[in-house]
Amino acid sequence: MAARVRHQLFLPAPLSARLEALAARPGASKSAILADAVTAWLDRRDTSELEDHFAIRLDRMSQALGRSERDIHVILETLALFIRFELSIQAPLAETDQAGRALAAKRFEAFVQQVSRQVALGRRTLAPMSEGQP
């Protein structure tokens with residue numbers, strides 16, 4: 001058992017009466033009740049200080065995540081509209097146009113390889129332009 005230190009404190013009469021009532025129960029003592037209450041109060045205070053310490057950082061991270069989510073939605077919507085537009089203006093290939101289909105397959109394969117290369121190298125085609133660039 002840890003060493004105990006004596007404290008003298010003054011409580012308002014209503015609070016003192018509540019403490020007396022709790023301490024009157026079997027197995028309870030004023031010291032134990034006050035020790036538990038002070039420990040709980042200090043633990044909550046420590047938690048609050050930690051939350052205060054990290055709250056600003058967490059808010060910034062939440063805002064950055066929200067912006068990223070918004071950007072992803074904009075990119076996906078742009079891609080979907082572009083694909084819909086392209087499909088609506090391009091005439092479908094005839095079933096017998098094997099040369100056209102082969103060329104389309106070759107172009108699609110080149111597109112997939114280019115995307116794979118860009119992603120693997122960490123490059124961004126739509127990187128923000130610096131001043132002086134058109």
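Student: How many aromatic pairs does the structure hold?
Tutor: The structure holds 1 aromatic pair, formed by Phe108 and Phe111. A quick note: this is a predicted model, where local features need pLDDT of at least 70, side-chain atom pairs count only at pLDDT 80 or more, and totals for chains, interfaces and linings use all residues. Residues are numbered from 1 along each chain as its sequence is written, and side-chain values use heavy atoms, leaving out hydrogens and water.

Student: What makes Phe108 and Phe111 a pair, and why is the pair called tilted?
Tutor: Rings of Phe, Tyr and Trp (its six-membered ring) pair if their centres lie within 6.5 Å; planes under 30 degrees apart are stacked, over 60 edge-to-face, and the rest tilted. Here the centres are 6.4 Å apart and the planes 35° apart, so this is a tilted pair.

Student: Where do Phe108 and Phe111 lie?
Tutor: Both are in helix α3 (residues 98–121), 3 residues apart, about one turn of the helix. Helices here are DSSP runs (H or I, at least four residues), numbered from the N terminus.

Student: Why is Phe111 called exposed?
Tutor: Buried means under 20% relative accessible area, exposed over 50%, and partly exposed in between (1.4 Å probe, protein chains only). Phe111 has 52% relative accessibility, so Phe111 counts as exposed. Phe108 is exposed too.

Key:
Helix = DSSP H or I, 4+ residues; strand = E, 2+ residues; numbered from the N terminus.
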